[in-house]
Amino acid sequence: MSVPQPLRISCTVFGLLFSMVLLNIDEADIELRSAKDIDSVELIFHDCRRPIRQQSKNFFREEFPQPLAVQGEAFFFSVQWNKWYSFCIPVFNNIQVNVRDVLSNSQAHKFQTVRSKLDITVGLSPNGISADIVPPPVNPTPPNTNGLPSTTDELLSQCPRFRILVIGQSGVGKSTLINKAFGIEQAAAEALKPGEADIEKELTSRANERFVLHDSKGFEPADGVNCDDVKRFIENRKNREHVKDQLHAVWLCFRIPIVTHGDRLLEDGAETFLRKDKSVLQNIPTIVVFTKYDRLLTHVAMQKAVDHDAAATKYIQEHCIDPIKEFTGSTDISYVAVSWNGRGRKKLIDLTHQKVTERFKLQPDTPSPVSVVTSMAQRTLPDLKIQGSIDVGRLRYWRALTASANFEGHTIADCLAVIHTDIVCVWNFNDPSQYLYSDIFRQQMVNLAGTIDESAPASHSPARADTTSAICKTGPPLMLFTPLTLPFEAGLGLVQWARETYQQLPNVHRKFMAYIVDLVHILDILFALTANNNEKKLTRGAISVAFDTYCQSNMRRNTHQQIKSFNYKVPRRDAVLDKIIDLVGTSPIDDNDISEALGKIPSEHLAQDKEWPTKSNGQKKAC
């Protein structure tokens, strides 16, 4: 049996044409001329983005030195349009081209089609065309709906991973710090043995694909060679052209010394580096991390200190901070003391994000791709996930929801789908089965947002998924359901309002607001449920608990009521965006009823990963 080969885009030309005027075409050289109103065009396939350069006015063309192998079922052209309102709301459109269409309709190693008034010609390699489709990657990026570009995809194309260098000798606690900060079961550094780390090696984890780790051997006594290795590596990364290849942060890890035990804060190599080579870290967010803080607390307790924390703080200042200030000649040192049980870890993540945001800021009120991917990578602070969701949302789809040109001609379901993808991507759960991107979960969110129009919640679940009756009970305190399930019928199609085009539904902004706020709150609850085990794969049981808990809560009902009653017509302000930001900033974990309910959930419920029951398989519904 032959092995299927990927579709190969030839080394000749990609071209795009609006006016259907094709001039001087032959097999080796294709020229196409376009109409107006195009700012830029990119080819998108897998995790690759290739710009199609504008050769002259109304003319886009690109040659590729090597064939491009396109695996999967489709590739896309991302087109940025030049509209009069583009200065405040960028307008993009993704044009999908199915591989099967290319294979079945190509002639003379060329494929031509018209999509969205674009005349597209693709040159094909004669050796790479196959009638078989190569299966997509095991864990592909969830597709967007009907050509709406994902904001997170565009940010991640510039910086797909948070790149961090961790410097510290063996035994200082680097692996534990990485494991807990980024929510992985075993850090990629587990394969590193003392003295065998390769600082050039990119260490990643399948449990969290949003960060890449570089690990140094630490500065062993008199190990001047390693000191030079670290310096060369940092200088090399500082000079990289693309931000994704640069270092985004450095953690300098030192064990807090117990001086009465003969411990030293710095070995000779570290002293040399800090004294002579400190300039190499300029313009790189750097934090000094003092580990084994719990060991210090034990020591000060044995010294009969009255206030253990105050005594430990004074000790760190005297035996850690002051010596490093002396070595570096700097009084502005960012530092955090951490312990094995997680103390100080939240401060470390928050401080890292702050410094990364300041260093890579592009312009005021516009988050950089590095800042966003830092929020994605960390699995310690839900507040940064919420802020990341806001940063991504306000770039495009959360803005001007009452009259957004980004959604023109699309159904509400299409618009909600891309918003859903962006928010879930920021939260970056360990979700290899992509339950949070599944049609069933999206449908649940659509139905929940639909309850915004109900004057009073009903006490029973709807008979069909296209019923917009409210499904979340009122009155009694939150309680658990058995079996765990989702409250709406799944698999029976979307509610009617979601099938409408964006412009045809009155007060459409209310449903968008409810969808965004509900989804962020549910993910916040899910984050709390999995916080101690976020290295484990996400289960449908945990998602069901988070959804049901929020669905039944007074917080959900109050949120919907606020959305229904607020006045969005405020001159010179995007009141809808302001209200969304205000509502998502109120964490459900701070709600007493929700917090109490979460504390009573058995761990076995969170571990369940059975199929979500639906009406068709005869399971009892939750509400």
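A helix here is a DSSP run of H or I with at least four residues, numbered from the N terminus. Thr152 has its place in one such run, helix 2, which covers residues 151-158. The model is predicted.

Buried means under 20% relative accessible area. Thr152 has 0% relative accessibility, so this residue counts as buried. Its side chain makes a polar contact with the side chain of Asp422, at 2.8 Å. Leaving aside residues up to four places away in sequence, Thr152 touches Met376, Val392, Thr421, Asp422, Cys425 and Val426.

Helix 17 spans residues 575-584. Seven of its 10 residues are buried, so the rest of the structure largely encloses this helix. The buried residues are Ala575, Val576, Leu577, Lys579, Ile580, Leu583 and Val584. They pack against helix 10 (382-395), helix 14 (508-529) and helix 16 (554-565).

How do two packed helices get described? The angle between their axes and the distance between the axes do that.

Take helix 10 and helix 17. Their axes come within 10 Å and cross at roughly 170°. That angle makes helix 10 roughly antiparallel to helix 17. The crossing of helix 10 and helix 17 is right-handed. Helix 10 brings Ile386, Ile390 and Arg394 to the contact, while helix 17 brings Leu577, Ile581 and Val584. By class, the residues of this contact are five nonpolar, no polar and one charged. Leu577 and Val584 are also listed among the buried residues of helix 17.

**Helix 12 against helix 14**

Helix 14, one of the partners of helix 17, also meets helix 12, which covers residues 439-450. The axes of helix 12 and helix 14 come within 8 Å and cross at roughly 125°. This makes helix 12 oblique to helix 14. Helix 12 passes helix 14 in a right-handed crossing. On the helix 12 side, the contact is made by Phe441, Arg442, Met445, Val446, Leu448, Ala449 and Gly450. On the helix 14 side, Lys511, Ala514, Tyr515, Asp518, Leu519 and Ile522 take part. The contact of helix 12 with helix 14 has nine nonpolar, one polar and three charged residues.

**Two loop residues**

Which loop holds Thr586? Thr586 is found in the loop between helix 17 and helix 18 (592-599). Its relative accessibility is 45%, so Thr586 counts as partly exposed. Not counting residues up to four places away in sequence, Thr586 touches His521 and Met555.

Gly329 lies in another setting: the loop between helix 7 (308-328) and strand 18 (335-337). Is Gly329 buried or exposed? Gly329 is exposed, with a relative accessible area of 67%.

**In brief**

Thr152 is buried in the model, Thr586 is partly exposed and Gly329 is exposed. Helix 17 is largely enclosed, and helix 10 runs roughly antiparallel to it. Helix 12 is oblique to helix 14.

Notes:
Residues are numbered from 1 along each chain as its sequence is written. This is a predicted model: local features need pLDDT of at least 70, side-chain atom pairs count only at pLDDT 80 or more; totals for chains, interfaces and linings use all residues. Side-chain values use heavy atoms; hydrogens and water are left out. Buried means under 20% relative accessible area, exposed over 50%, partly exposed in between (1.4 Å probe, protein chains only). Contact means heavy atoms within 4.5 Å. Axes are lines fitted to C-alpha atoms, for helices over the stretch in contact, and angles run from 0 to 180 degrees between N-to-C directions. Angles under 35 degrees count as roughly parallel, over 145 as roughly antiparallel, 65 to 115 as roughly perpendicular and the rest as oblique. A crossing is left-handed if the near helix is turned anticlockwise from the far one by less than a right angle, and right-handed if clockwise. Ala, Val, Leu, Ile, Met, Phe, Trp, Tyr, Cys and Pro count as nonpolar, Asp, Glu, Lys and Arg as charged, and the others, Gly among them, as polar. A polar contact is a pair of N or O atoms within 3.5 Å; within protein, one must be able to donate a hydrogen and the other to accept it, and residues adjacent in sequence count only if both atoms are side-chain atoms.
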